[in-house]
Amino acid sequence: MSTFSKTQIRALAEARKRPTSQKLGALPNALKARLVDFYHRHSDENILQDVISGRTDRYIPTENAAYLVRNYGQVALQGLRQGGTPSHRTACAARRSH
């Protein structure tokens with residue numbers, strides 16, 4: 001017996017029909033270099049483990065969490081305030097879309 005509702009199963013079936021990725025465009029080389037530099041300067045503030053812990057705490061499955069933590073890094077970028085710490089969301093300025 002499945003632990004998913006009929007609605008969840010339908011949503012999953014719909015999601016499987018969608019492409020796994022879609023190219024939206026390419027970032028300029030200068031921006032890519034800035035992002036890589038930002039990550040290297042703040043790699044000690046990797047938030048990936050916190051993200052996975054948050055999913056685990058809410059009983060959301062994460063496939064092979066140990067592999068992800070060992071092989072990937074993530075640093076918060078969203079609207080970081082001048083002098084803010086990337087590992088603290090409170091240091092991020094709110095952004096509005098127009």
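**Notes on the model**

1. L27 counts as partly exposed because its relative accessibility is 46%; the class lies between buried, under 20% relative accessible area, and exposed, over 50% (1.4 Å probe, protein chains only). L27 sits in the loop between helix 1 (6-17) and helix 2 (29-41). Helices (H or I, at least four residues) and strands (E, at least two) are DSSP runs, numbered from the N terminus.

2. This is a predicted model, in which local features need pLDDT of at least 70, side-chain atom pairs count only at pLDDT 80 or more, and totals for chains, interfaces and linings use all residues. Residues are numbered from 1 along each chain as its sequence is written, and side-chain values use heavy atoms, with hydrogens and water left out.

3. Together with L31 and L35, L27 makes a nonpolar surface patch of about 220 Å². Patches take residues with over 30% relative accessible area and no salt bridge, joining like charges within 9 Å and nonpolar side chains (Val, Leu, Ile, Met, Phe, Trp, Tyr) within 5 Å. Accessible areas are from the Shrake-Rupley method with a 1.4 Å probe; for residues, only the protein chains shown count as cover.

4. How many salt bridges does the count come to? The count is two, a salt bridge being a side-chain nitrogen of Lys or Arg within 4 Å of a carboxyl oxygen of Asp or Glu. Side chains of opposite charge can pair when their charged atoms come close.

5. K17 is classed as exposed because its relative accessibility is 65%, while E14, with a relative accessible area of 43%, is partly exposed.

6. A salt bridge also links the side chains of D37 and R41, at 2.9 Å from N to O. D37 and R41 lie in helix 2, four residues apart, about one turn of the helix. D37 has a relative accessible area of 39% and is therefore partly exposed.

7. V75 is found in the segment after helix 4 (65-71). Its relative accessibility is 11%, so V75 counts as buried. V75 and E45 are 30 residues apart in sequence, yet their C-alpha atoms are 6.4 Å apart in space.

8. The chain has four helices and zero strands, in the order α-α-α-α along the sequence. Of its 98 residues, 12% are buried. The chain exposes about 8900 Å², with carbon and sulfur atoms supplying 53% of that area. Among contacts (heavy atoms within 4.5 Å) with a separation of 6 or more, 47% are between residues 24 or more positions apart.

9. On confidence, pLDDT is the predictor's confidence in each residue, from 0 to 100. The chain has a mean pLDDT of 76, and 80% of its residues reach 70 or more. Over residues 93-98 pLDDT stays under 50, and the model has four contacts beyond four places in sequence for these residues.
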